[in-house]
Amino acid sequence: MDTTVELKPVSPAALAAYRKHKTRIIENVVARALEQPAEVAQHGDDAERIVTAGIEFTAQVLESVIQVGDPALLDYQLSWAQDRLPHDGVSPAFVLSRFRNFADSVAEALAPAHAQEVNQWVNWLINRQQALVNAAA
């Protein structure tokens with residue numbers, strides 16, 4: 001995928017806000033995923049733990065990327081997820097749903113200006129994942 005894009009690192013204030021509310025964002029994304037039984041049934045009783053681990057990883061990668069302003073690591077994560085997650089019963093559409101929930105959770109947790117800075121990156125993820133979903137269809 002082409003990673004040349006006009007995104008910038010977030011401001012120190014937006015980064016601090018993201019770090020402060022990251023746990024809340026993760027919890028919200030996980031709760032929303034668990035409300036969609038078709039998206040988590042394959043994980044059985046471990047669904048909450050497995051989804052939490054995945055979202056925590058995404059949140060950590062995002063934190064690194066928004067500091068430096070380079071989406072290459074996000075592209076790598078998407079490529080890995082495309083290859084690996086179907087083996088765990090996680091479809092590209094489920095990943096897309098979680099990214100959308102992530103954007104919504106950022107918007108709810110952060111002040112609007114900070115959310116906008118962070119969500120430019122989450123929206124980049126959403127757009128890339130949507131392209132993968134479309135290509136698979």
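**Cavity and salt bridges**

Guide: Helix α4 gives the largest share of the lining of the largest cavity, three residues. The model is predicted, so local features need pLDDT of at least 70 and side-chain atom pairs count only at pLDDT 80 or more, while totals for chains, interfaces and linings use all residues. Residues are numbered from 1 along each chain as its sequence is written, and side-chain values use heavy atoms, with hydrogens and water left out.

Visitor: What makes a space a cavity?

Guide: On a 1 Å grid over the protein atoms alone, a cavity is a set of points where a 1.4 Å probe fits but cannot get out; lining residues have an atom within 4 Å of a point. Points are joined across faces, edges and corners, and the volume is the space filled by probe spheres set on the points. The count comes to one cavity of 30 Å³ or more, and the largest cavity holds about 40 Å³.

Visitor: Which elements give two or more residues to the lining of the largest cavity?

Guide: They are α4 (72-84) and α5 (92-109). Helices are DSSP runs of H or I with at least four residues, numbered from the N terminus. Among the lining residues are Leu78, Val95 and Gln129.

Visitor: Why is the pair of Glu108 and Arg32 called a salt bridge?

Guide: The term requires a side-chain nitrogen of Lys or Arg within 4 Å of a carboxyl oxygen of Asp or Glu. For Glu108 and Arg32 the N to O distance is 2.4 Å, so the pair qualifies.

Visitor: What other salt bridge does Arg32 form?

Guide: Arg32 also forms one with Asp104, the closest N and O atoms being 3.6 Å apart. Asp104 is in helix α5 and Arg32 in helix α1 (residues 12-34), 72 residues apart.

Visitor: Why is Arg32 called buried?

Guide: Buried means under 20% relative accessible area, exposed over 50%, and partly exposed in between (1.4 Å probe, protein chains only). Arg32 has 18%, so Arg32 is buried. Asp104 at 39% counts as partly exposed, as does Glu108 at 47%.

Visitor: How many salt bridges are found in the whole structure?

Guide: The search finds six. One of them joins Arg128 and Asp75 at 3.8 Å, N to O. Arg128 is in helix α6 (residues 112-136) and Asp75 in helix α4, 53 residues apart. Both Arg128 and Asp75 are buried.

How values were computed: 1 Å grid on protein atoms, 1.4 Å probe; cavity = no way out; pocket = protein on both sides within 12 Å on 5 of 7 lines; lining within 4 Å.
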